Amino acid sequence: MGTTAGRKLEPGVVDAADAQRALRRINDYLSRTAQCEEDVRVHLETGADDEALVLPRPVAEMFASMLAALANGQGVQIMPVDAELTTQQAADMLNVSRPYLIGLLESGEIPFRLVGRHRRIRFADLHQYLREDDARRKGAADDLMELDQKLGLL
């Protein structure tokens, strides 16, 4: 898998009950070994006792997060931090139109680079924009709440 694309599981591709069962098992293990920083040995259900998949603990914890989303019927997507997205992919992730995204790029809100005539957006930059936008929205909501209190509307 290169740095330009991520891996996606659409909602419903994984049975929610199977994901819930796997989530319970991995969470039980992670909580029992919370003080341990060692790799996690996963024994496969193939019948061979000596066959184990060894995962770094942070990867097992990420699996638990993904399983939680799948158990709730949500899709998940894994994206390398250094991945570059097309304008359409970035617009889809922001849930905005492509022309609106291009306006954000051209105004300097989100950094991008040109590859020929095509714009490419680093996933890390898009994620940073989302964090900053969330903070701005929270600030605006806090300001409105404060104004409501001052005006006695609450």
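This is a predicted model: local features need pLDDT of at least 70, side-chain atom pairs count only at pLDDT 80 or more; totals for chains, interfaces and linings use all residues.

Trainee: How many helices and strands are in the protein chain?

Mentor: The protein chain holds five helices and seven strands. Their order along the sequence is β-α-β-β-α-β-β-α-α-β-β-α. The radius of gyration is 21 Å, well over the 15 Å that the globule rule gives for 154 residues, so the chain is more spread out than a compact globule. The C-alpha trace spans about 60 × 55 × 30 Å along its principal axes.

Trainee: What share of the residues is buried, and what share of the contacts joins residues 24 or more positions apart?

Mentor: A residue is called buried when its relative accessible area is under 20%. Buried residues make up 23% of the 154 residues here. Of the contacts with a separation of 6 or more, 51% come from residues 24 or more positions apart.

Trainee: What is the accessible surface of the protein chain, and what part of this surface belongs to carbon and sulfur atoms?

Mentor: The accessible surface comes to about 10,900 Å², and carbon and sulfur atoms account for 53% of this area. As for charge, the chain carries 19 positive and 25 negative charges, whose mean positions are 5 Å apart.

Trainee: How should I read the buried residues of a helix?

Mentor: An α-helix has 3.6 residues a turn, so residues three or four places apart point the same way. Let us apply this idea to helix α3. The buried residues of α3, which runs over residues 87-94, are Thr87, Ala90, Ala91 and Leu94. Because they cover an arc of only 100 degrees around the axis, they lie on the same side of α3.

Trainee: What covers the buried residues of α3?

Mentor: The cover includes β5 (84-85), α4 (98-106), β7 (118-122) and α5 (123-151). Just after α3, Asn95 takes a positive phi of about 60 degrees.

Trainee: Which residues are buried in α4, and which are exposed on the other side?

Mentor: Leu101, Ile102, Leu104 and Leu105 are buried in α4. Their arc around the axis is only 155 degrees, which puts them on the same side of α4. On the other side of α4, Pro99 and Glu106 are exposed.

Trainee: What covers the buried residues of α4?

Mentor: Their cover includes α3, β7 and α5. For comparison, the elements that cover the buried residues of α3 include α4, β7 and α5.

Note on methods
Residues are numbered from 1 along each chain as its sequence is written. Side-chain values use heavy atoms; hydrogens and water are left out. Helices (H or I, at least four residues) and strands (E, at least two) are DSSP runs, numbered from the N terminus. The radius of gyration is taken over C-alpha atoms; the globule rule is 2.2 Å times the number of residues to the power 0.38. Buried means under 20% relative accessible area, exposed over 50%, partly exposed in between (1.4 Å probe, protein chains only). Contact means heavy atoms within 4.5 Å. Accessible areas come from the Shrake-Rupley method with a 1.4 Å probe; for residues, only the protein chains shown count as cover. Lys and Arg count as positive and Asp and Glu as negative; His and the chain ends are not counted. The place of a charge is taken as NZ of Lys, CZ of Arg, CG of Asp or CD of Glu. The arc is that of the directions from the helix axis to the C-beta atoms.
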